[in-house]
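Let's walk through this one together, a question at a time. Keep the picture open while you read, and try each question yourself before peeking at the reply.

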Amino acid sequence: MGPPPSDEDLMRAFQGGGEHAFTVLVERHGAKVINYAWRLIDDHALAQDLAQQAFLAVYTRKATFDAARRFSPWLYRIVGNLCRMEWRRRRRKVAPLDASSVAAGDPAALAAETVADPSPSPAEEAGRRDLERRVRRAVGELPEKLRMVFVLSFYEALSYKQIAEVLGCSVGTVASRKHLAVQRLAGSLSAVGAELFGETKS
Amino acid sequence: MRCKAVQKQLVAYIDGELDGQTRGIVKTHLGLCSACSVEYDRMRKALGAARGWKSRPLPEGFTEAVEKRAERGEQPRPIRLPVLDVRVVVDAISPRAWQVAAACAILVVGLVLGRLVWPRHVVHEGGRAAAHNGVRASAVETLTTLQKLKVILGMREGNERTIAELSAMQRGLADAIDPQLGGRVALYQEAEALIACGRLDEAEAILGDLESADPPFVLKPYVRITRLAAQPLPPVRWREQPLYAELLSPEVLASPERLYDMVAERSRRLAQVYTDVLDKAFRPFENLTLPTHPQTDGRAADE
């Protein structure tokens, strides 16, 4: 057995009629795509739906994929476009952004949103949730362009060059948006960070 | 490096995106300057906190759900305007229409890129020549055609880049026609951008000014379309809007090549006047590769 096939190999196989290759791509990138969409639109259920749509787009538009290029930026671009559509839909629908019911401090929404995962202790779990809530609010308050760059860079760990490829802008633009994003987050999150660091030191 | 310059590089420093020399300078500076290292620390703490938003694993059944939807032949949402009439219309436009629209865009890109790179004095001479030769009207029509293209391309997701290019062309062209028009077009585009990020009141203030401007703003008829884009959906019956009717008239839908011919004809007229200047202007672009757009390409490949 050689190394696992690259995404591009899988896309070529899929273009050639190999449906199984598509399944492998969904398995491989599913979580990444959902998490990316989730951090852009702050709604996990909706993020799952958008992720499914993104893969549907891959499925129906497989012919448009240029096998000489990389798959990942293409996929990120599709997801990004779907999230932009969602942002637009929200802007049209609701006058003040319903960016998150969590931001408004709705405990029911938070409970519904936060999936229970295996957690050490109730207190730790509560702390973790509180931190997540604060981060989500801070990231959700970033303007959309900055949020996209921040999420791609920080959570998806893409290089500036890769982000520029995904967004179709220059590396300089990526650097300045990331800078602005972190500056804003420093305003809203550094206190949270200080608490955290304080806790870990003591 | 001064503190301000260092602080601008801090995020790229944290991300490991600086070249060796700049990295060294920033590192040394941080060791010496307490203000900058406080800022550095603040950013690091914020990023440390941001790690608290953990990723979640792939939900069970996700892959199966995707496969089921794909097997059912479900399509992803095709366009970004959730308006029934427009969806009908967009579906009705033949795949070739998108190629034609892209071709139009490329053609005009060529012409107007030329304008954008002219040296200042040439632009001014060109502007005067335009006025003298009666080309202004033609240039204004091109400006309008660009706006139409933006509206058409805007109905489909994935054309943001082309639209941004068309906007840049509009600004270049308007500037070359006359600076006042350039300023107004820039304002108009600012209103478009404000609408895109939901700042409707600010956009409305600009659009109101543009509508009552004297002499009348050449893109005034489009102010209405731009406003529509900002409205909540239910009350608008797009197809009944006169401008949409014109833009999406059966003739245009049946033969989008008309639009192409229109743009091509206008561009030819402009080109006749500016041939020699264009020659100069095109030289830097001999090896230019124009961006391709997945949607358009896709349609072509699907055929």
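Q: Leaving out residues up to four places away in sequence, which residues does A:Leu142 touch?
A: Touching here means contact: the C-beta atoms of two residues, placed from the backbone, lie within 7 Å. Once residues up to four places away in sequence are left out, the partners of A:Leu142 are A:Arg147, A:Phe150, A:Ala181 and A:Arg184.

Q: What pLDDT do local features need here?
A: Residues are numbered from 1 along each chain as its sequence is written, while chains are lettered from A and ligands numbered from 1 in the order in which they are written. This is a predicted model, where totals for chains, interfaces and linings use all residues, side-chain atom pairs count only at pLDDT 80 or more, and local features need a pLDDT of at least 70.

Q: Is A:Leu142 buried or exposed?
A: Take a residue's C-beta atom, placed from the backbone, and count the other C-beta atoms within 10 Å: 20 or more means buried, 12 or fewer means exposed, and in between is partly exposed. A:Leu142 has 20 C-beta neighbours inside 10 Å, so A:Leu142 is buried.

Q: How far apart in space are A:Leu142 and A:Leu40, C-alpha to C-alpha?
A: Find A:Leu142 in the loop between α6 and α7 of chain A. Along the sequence, A:Leu142 and A:Leu40 are 102 residues apart, but in space, C-alpha to C-alpha, the gap is 10.0 Å.

Q: How many helices does chain B have?
A: Helices (H or I, at least four residues) and strands (E, at least two) are DSSP runs, numbered from the N terminus. Chain A has 9 helices and 0 strands. Chain B also has 0 strands, and its helix count is 16.

Q: What percentage of the residues in chain B are buried?
A: In chain A, 43% of the 202 residues are buried. Chain B has 303 residues, and its buried share is 33%.

Q: How far does helix α6 of chain A reach from its first C-alpha to its last?
A: Among the buried residues of α6(A) are A:Leu131, A:Arg134 and A:Val139. The helix covers residues 122–140, which makes 19 residues, and 27 Å is expected at 1.5 Å a residue; its reach is close to that, at 26 Å.

Q: How are α7(A) and α8(A) oriented to each other?
A: Axes are lines fitted to C-alpha atoms (for helices, over the stretch in contact), and angles run from 0 to 180 degrees between N-to-C directions. Under 35 degrees counts as roughly parallel, over 145 as roughly antiparallel, 65 to 115 as roughly perpendicular, and the rest as oblique. The axes of α7 (residues 144–155) and α8 (residues 160–167) of chain A come within 10 Å and cross at roughly 135°. The two helices are therefore oblique.

Q: How are α10(B) and α11(B) oriented to each other?
A: In chain B, the axes of α10 (residues 179–196) and α11 (residues 200–211) come within 8 Å and cross at roughly 155°. That's why α10(B) and α11(B) count as roughly antiparallel.

Q: What is the handedness of the crossing of α10(B) and α11(B)?
A: If the near helix is turned anticlockwise from the far one by less than a right angle, a crossing is left-handed; if clockwise, right-handed. α7(A) passes α8(A) in a right-handed crossing. The crossing of α10(B) and α11(B) is left-handed.

Q: Is A:Ala157 buried or exposed?
A: A:Asp42 has phi near 55°, a positive value in a residue other than glycine, and with 22 C-beta neighbours inside 10 Å A:Asp42 counts as buried. A:Ala157, in the loop between α7 and α8 of chain A, has a positive phi too, near 60°. With 9 other C-beta atoms within 10 Å, A:Ala157 is exposed.

Terms used: Expected span 1.5 Å × (residues − 1).
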